[in-house]
Amino acid sequence: MNLKNTPQHWGSVSKTLHWLIALLILALGIVGLLMGELPKTPKYFWVYTAHKSLGITVLALVALRLGWRLYAGAPQPVPGTPGWQERIAGATHGLLYVLMFAIPLSGWLYDSASGLRPFKLFGLVEMPKLVAPDERAAQLSHVLHEWGFWLLILAVLAHAGAAFYHHVHQGDATLSRMLPRGWLAAPQKESA
């Protein structure tokens with residue numbers, strides 16, 4: 001098992017970061033959608049702190065993932081992929097990275113601008129405030145956080161849909177090379 005990416009495959013570090021971040025974002029999205037409905041009990045504040053802590057964790061993991069990608073490179077597009085699909089894939093990956101940075105940062109900015117008491121990362125480390133309390137900044141960052149999430153959902157659906165399209169209709173290894181080895185065999189293209 002290669003840690004580093006090769007011209008044909010994603011390495012285990014890239015795969016692990018990809019799926020760990022995806023699972024954390026899924027959990028954050030579910031909790032984020034439900035936490036506004038929770039009764040204002042001590043557990044309510046625990047859920048908010050957990051949401052913020054996981055958001056900061058995603059921010060750190062995305063920075064690590066981007067650093068790893070710059071260091072380890074990325075596999076070449078699957079042979080036969082049209083140039084327009086490569087350009088769309090590149091733009092989609094770029095949008096995903098921007099959103100994976102922007103959403104946690106806007107949440108952190110919202111927490112800071114709201115004037116709430118400082119939150120502790122997993123109850124251990126007090127996180128610094130990014131700005132002084134400011135109602136306008138709090139409103140703007142909240143809007144960016146919420147609408148960024150919905151844009152992320154659309155981008156993820158496009159990303160996953162393209163991977164399945166490549167697997168099912170184009171019969172190539174685009175999807176299988178991001179999955180753990182052996183989970184999904186690359187379909188064999190029919191020869192004429």
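Trainee: Which residues have the most contacts inside the largest nonpolar core?
Mentor: I21, I25, V58, V62, M100 and L152, in a core of 15 residues. A nonpolar core here is a set of buried (under 20% relative accessible area, 1.4 Å probe, protein chains only) Ala, Val, Leu, Ile, Met, Phe, Trp, Tyr and Cys residues joined through side-chain atoms within 4.5 Å. It's a predicted model, where local features need pLDDT of at least 70, side-chain atom pairs need 80 or more, and totals for chains, interfaces and linings use all residues. Numbering runs from 1 along each chain as its sequence is written, and side-chain values use heavy atoms, without hydrogens or water.
Trainee: Which elements give two or more residues to that core?
Mentor: Helix 1 (12-34), helix 2, helix 3 and helix 4 (135-170); helices are DSSP runs of H or I, at least four residues, numbered from the N terminus.
Trainee: And what does L152 touch?
Mentor: Leaving out residues up to four places away in sequence, L152 touches I25, L96, L99, M100 and I103, with contact meaning heavy atoms within 4.5 Å.
Trainee: Switching topic: is T81 buried or exposed?
Mentor: Buried, at a relative accessible area of 14%. T81 sits in the loop between helix 2 (42-72) and helix 3 (83-113).
Trainee: Which residues does T81 touch?
Mentor: E86 and H166, again not counting residues up to four places away in sequence. The T81 side chain also reaches the backbone oxygen of V78 at 2.7 Å.

Note on methods: Buried < 20%, exposed > 50% of the residue type's maximum accessible area, 1.4 Å probe, protein only. Polar contact = N/O pair within 3.5 Å; in protein donor to acceptor, adjacent residues only side chain to side chain.
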